[in-house]
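This report goes through a protein and DNA model, with attention to the contacts between them. The sequence and structure come first.

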2 protein chains.
Amino acid sequence: MEKVETGRTRKKRNTRQKAVVYQVVLDSNDHPTAEKVYERARRELPNISLGTVYRVLKELSQEGKIKEIIVNKQSHFEGRTDFHHHFICRACGKIEDVETPLCRYTCKKVEQKGYVVEDIEYKFYGLCSKCAQKLGKE
Amino acid sequence: MEKVETGRTRKKRNTRQKAVVYQVVLDSNDHPTAEKVYERARRELPNISLGTVYRVLKELSQEGKIKEIIVNKQSHFEGRTDFHHHFICRACGKIEDVETPLCRYTCKKVEQKGYVVEDIEYKFYGLCSKCAQKLGKE
DNA sequence: TATTAAATAATAACTGTTCCTTTTAAAAAA
DNA sequence: TTTTTTAAAAGGAACAGTTATTATTTAATA
């Protein structure tokens, strides 16, 4: 039997899994990977599956509620969604936020070529202060 | 029977495979992936293996003769090794070089925190001029 | 030319992620 | 409240890019 499509309110479920994953990212300030988020979410929801974590993380990113940053070909996530960038320590792997003004000069130059800039990503690689000290005063 | 280690010249073979892979990267201006380099290298050396291409590309990168850039968690390679950055079109996937002055302001700020900056990477995402036109004058 | 070990070809293994199928459960309807 | 509906979840298989393994080849040296 066909169902008449009313075109009205589409369902959009509000699941515990999504809420928990979101909260985990908001509560983390170490840019966790999906695996780490999974680990932490399981403390609250022991039966959550890794696939769900991946799907929800992607969803939240697309909704703009969290941000994905990719380091070493691996996704990391953070609750901060304002314009900022990252420093990655090659020794300990730590990812730290870096406040950088948008380089208007460069953007303008790119846009003059007819390009549309939608997102900008700066990454700084090197040694964090701790590792720099530890690895000797070169 | 033990061999006395003279500590003298270590062997370092100069293979056709390495020469060809290097030349392919130098001749390409489209930031090819390892697979693409493999494809092109095979025109010259039909029996070269993908594993060799990966190993040689890594070697050349470490020697500073080529540069690796990662887009969408996939490695791409280029012969240019001077300081420059990239624009990535989300529609056609094309990667284009972008000339950007080093942002001394930001670097200084990072270094004031005791960090050692060894490498900097800027990526601009959006639409290239062709795709921007094609996708309509929004 | 014979020797030797660095580099290769071929292929298996690995890793982070996505996809697929069945089941569950949130929300709408009865 | 109970039933129905179907979006989302669990579990696991599949996938893609890359790395590791091993027997073989070959460039460089003796």
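How far from a phosphate oxygen of DNA strand C does a polar side-chain atom of Lys73(B) lie? In this predicted model, the distance from the polar side-chain atom of Lys73(B) to the phosphate oxygen is 2.7 Å. Thr52(B) also places a polar side-chain atom 2.7 Å from a phosphate oxygen of DNA strand C. Two or more residues of the surface near DNA strand C come from each of α3 of chain A, β2 (74-78) of chain A and α3 of chain B.

**Surroundings of DNA strand C**

DNA strand C is surrounded by 18 residues, and the closest are Tyr54(A), Arg13(B), Thr52(B), Arg55(B) and Lys73(B). Sorted by class, the surface near DNA strand C holds 2 nonpolar, 8 polar and 8 charged residues. Sugar or phosphate accounts for 79% of the atoms of DNA strand C within 4 Å of the protein, and bases for the rest.

**Surroundings of DNA strand D**

Around DNA strand D there are 17 residues, with Arg13(A), Thr52(A), Arg55(A), Lys73(A) and Tyr54(B) as the closest. The surface near DNA strand D is made up of 2 nonpolar, 8 polar and 7 charged residues. At least two residues of this surface come from each of α3 (50-62) of chain A, α3 of chain B and β2 of chain B. Of the DNA strand D atoms within 4 Å of the protein, 81% are part of sugar or phosphate, while the rest are part of bases.

| Residue | Protein atom | Atom of DNA strand D | Distance |
|---|---|---|---|
| Ser49(A) | polar backbone atom | phosphate oxygen | 3.0 Å |
| Arg13(B) | side-chain N or O atom | base oxygen | 3.0 Å |
| Ser75(B) | polar backbone atom | phosphate oxygen | 2.9 Å |

Three elements of chain B, namely α2 (34-44), α3 (50-62) and β2 (74-78), each give the lining at least two residues. By class, 4 lining residues are nonpolar, 3 are polar and 4 are charged.

**Chain A**

Chain A contains 5 helices and 5 strands. Their order from the N terminus is α-α-α-β-β-β-β-α-β-α. Why is chain A described as more spread out than a compact globule? Its radius of gyration is 20 Å, well over the 14 Å that the globule rule gives for 138 residues, so the chain is more spread out than such a globule. Taken along the principal axes, the C-alpha atoms of chain A fill a box of roughly 75 × 45 × 20 Å.

Strands β3 (residues 85-89) and β4 (residues 95-98) of chain A pair in the antiparallel sense, with 4 bridges. One of the residues involved is His85(A), whose bridge partner in β4(A) is Val98(A). A hairpin is formed by β3(A) and β4(A), with 5 residues between them. In the turn, Gly93(A) has a positive phi of about 80°.

Terms used. Residues numbered from 1 in each chain as written. Chains lettered and ligands numbered in written order. Predicted model: local features only at pLDDT ≥ 70, side-chain atom pairs only at ≥ 80, totals over all residues. Heavy atoms only, no water. Nonpolar A, V, L, I, M, F, W, Y, C, P; charged D, E, K, R; others polar. Near = heavy atom within 4 Å. Polar contact = N/O pair within 3.5 Å; in protein donor to acceptor, adjacent residues only side chain to side chain. Pairing = 2+ DSSP bridges. Rg over C-alpha atoms; globule rule 2.2 N^0.38 Å.
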